Amino acid sequence: MKKLLLCRHAKSSWDHPLLADHLRPLAKRGERDAPRMAKRMHANRVIPEKILTSTAVRAVQTAERYLDVFVKEGPEFEKTPDLYHASARAILENIWQTPDRIKTLFVFGHNPGFTDLINHLGEDLENLPTAAVFGFYFKTDHWMKIQSGNASFWLYDFPKNKDPKIP
């Protein structure tokens, strides 16, 4: 079985409106929410073996806050420009490249691609909020074979969730 957690970057800053989109850092709220969500995952034993992130500053910073929480577990950490504003298909293509020895993968990136992928995999979600996580497990041992037909809902959590129950 493979487990996938799609992690939307935390809230980004608009303090410098002329800054290129790719370079926008986390806002104060994002700096608060990213480690909070990482700690929530850790407390519920949702542990990555690999973290894959977009190269956008806000995504990297969010992924790094998770890495800080999971440092003792030693997940692999990889940045790729291919996830920056990627389509659902492009996100899947990146996931398919994951080595099969990895059982739990956390992917950090952006909307609308993440919401589109969640819907493509069979769940009905209007919008994945900033700093939210959405998880699937797949009845396969190969990342290349993940698809809607073997996807099952695993978890959904977000910073404003008052009752996070994670299986």
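In this predicted model, P159 is buried, with a relative accessible area of 16%; that puts P159 under the 20% cut-off for burial. The residue sits in the segment after strand 6 (151–157). Once neighbours within four places in sequence are set aside, P159 is in contact with D33, M37 and R40, and also with T130, A131 and A132. Take A131 from that list: 28 residues separate A131 from P159 in sequence, yet the C-alpha to C-alpha distance is 6.7 Å.

Aromatic rings come next. Searching the whole structure turns up nine aromatic pairs. One of them is Y66 with F106, where the ring centres are 6.2 Å apart and the planes stand at 75°, so this pair counts as edge-to-face. The Y66–F106 pair ties together distant parts of the chain, since Y66 belongs to helix 2 (residues 57–70) and F106 to strand 4 (residues 104–109), 40 residues apart. Both Y66 and F106 are buried.

F134 and F136 give another pair, with centres 5.3 Å apart; their planes make an angle of 45°, so the pair is tilted. The planes would have to be under 30 degrees apart to count as stacked, or over 60 to count as edge-to-face. F134 is buried at 3% relative accessibility, and F136 is buried too, at 0%.

R24 lies over the face of W14, and the distance to the ring centre is 3.8 Å.

Then there is the packing of helices. Two packed helices are described by the angle between their axes and by the distance between those axes. For helix 3 (residues 88–96) and helix 4 (residues 113–120), the axes come within 8 Å and cross at roughly 80°. Helix 3 is therefore roughly perpendicular to helix 4, a label that covers angles from 65 to 115 degrees. On the helix 3 side, the contact involves A88, I91, L92 and I95, which meet G113, F114, D116, L117 and H120 of helix 4. Sorted by type, the residues of this contact come out as six nonpolar, two polar and one charged.

Key:
Residues are numbered from 1 along each chain as its sequence is written. This is a predicted model: local features need pLDDT of at least 70, side-chain atom pairs count only at pLDDT 80 or more; totals for chains, interfaces and linings use all residues. Side-chain values use heavy atoms; hydrogens and water are left out. Helices (H or I, at least four residues) and strands (E, at least two) are DSSP runs, numbered from the N terminus. Buried means under 20% relative accessible area, exposed over 50%, partly exposed in between (1.4 Å probe, protein chains only). Contact means heavy atoms within 4.5 Å. Rings of Phe, Tyr and Trp (its six-membered ring) pair if their centres lie within 6.5 Å; planes under 30 degrees apart count as stacked, over 60 as edge-to-face and the rest as tilted. A charge sits over a ring if NZ of Lys or CZ of Arg is within 6 Å of the ring centre and within 35 degrees of the ring normal. Axes are lines fitted to C-alpha atoms, for helices over the stretch in contact, and angles run from 0 to 180 degrees between N-to-C directions. Angles under 35 degrees count as roughly parallel, over 145 as roughly antiparallel, 65 to 115 as roughly perpendicular and the rest as oblique. Ala, Val, Leu, Ile, Met, Phe, Trp, Tyr, Cys and Pro count as nonpolar, Asp, Glu, Lys and Arg as charged, and the others, Gly among them, as polar.
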